[in-house]
Amino acid sequence: MPATHRSVRIDLDLSSDGVDLACLEVAAVDFARRAPGELVATAVQPMAGELFDVIIGPRAFPADDDAQPEAPWACTRCGNRRGFRRRGQRTGGRTVLTKAGRVRLAAWQVECRRCGRRYVPVLELLDVARHPR
Ligand SMILES: [Zn+2]
């Protein structure tokens, strides 16, 4: 099973009057609010990258269309499931609201070689509706 490691730093200002309980509480609550969503995003990113490697082939060395296995996503225009190329990252990413909080995902694009459509399959891979829930 692949493992991921994520570190989260909490910065406290110790320069003036020291640290009081209220300051620690604010830092802890902020951490508790951000950490679950960041953990989900950290787990999803490498999974999507590894899946692109398996389906499309190594970065900069895509497999021939016929040599690619059927993708777990379908082209949003023609329904094609085989024959894709990576097309970089769309700015802004994709944000989804989960039980773990807001999760910002990188929006890696693929291009369908059959019809030329470019789109971001990560939400389909996660079985999330196109618009944030
Ligand atoms: Zn297509």
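**The sheet and its surroundings**

Modeller: In this predicted model, residues 24 or more positions apart account for 57% of the contacts in the protein with a separation of 6 or more. The protein has 2 helices and 3 strands, and from the N terminus on the elements follow the order α-β-β-β-α.

The 3 strands form an open sheet in the order S1-S2-S3, with antiparallel pairing. S1 and S3 are at the edges and have a single partner strand each, so one side of each lacks a neighbour in the sheet.

Take the pairing of S1 and S2 to begin with. These strands run antiparallel and are joined by 10 bridges. They form a hairpin, with 2 residues between them. Arginine 94 has leucine 105, in S2, as its bridge partner, and arginine 85 stands opposite glutamate 111 of S2.

On its other pairing, S2 meets strand S3, residues 118–119, in the antiparallel sense over 2 bridges. Here valine 110 is placed opposite tyrosine 119 of S3. The hairpin of S2 and S3 has 5 residues between the strands, and in this hairpin glycine 116 adopts a positive phi near 85 degrees.

Next, what packs against the strands. Helix H1 lies across S1 and S2, and runs at about 15 degrees to S2. Valine 103 gives a local view of this part: leaving aside neighbours within four places in sequence, valine 103 is in contact with Gly37, Val40, Ala41, Thr95, Val96 and Thr98.

The largest nonpolar core has 16 residues, and those touching the most other members are Ala41, Ile55, Ile56, Phe84, Val103 and Leu105. At least two residues of this core come from each of helix H1 (21–56), strand S1 (84–98) and strand S2 (101–112). H1 gives the most, with 5 residues.

For the protein as a whole, buried residues make up 13% of the 133 residues.

Methods:
Residues are numbered from 1 along each chain as its sequence is written. This is a predicted model: local features need pLDDT of at least 70, side-chain atom pairs count only at pLDDT 80 or more; totals for chains, interfaces and linings use all residues. A nonpolar core is a set of buried Ala, Val, Leu, Ile, Met, Phe, Trp, Tyr and Cys residues joined through C-beta atoms within 7 Å. A residue is buried if 20 or more other C-beta atoms lie within 10 Å of its own, exposed if 12 or fewer, and partly exposed in between; C-beta atoms are placed from the backbone. Helices (H or I, at least four residues) and strands (E, at least two) are DSSP runs, numbered from the N terminus. Two residues are in contact if their C-beta atoms, placed from the backbone, lie within 7 Å. Two strands pair if DSSP finds at least two bridges between them. Axes are lines fitted to C-alpha atoms, for helices over the stretch in contact, and angles run from 0 to 180 degrees between N-to-C directions.
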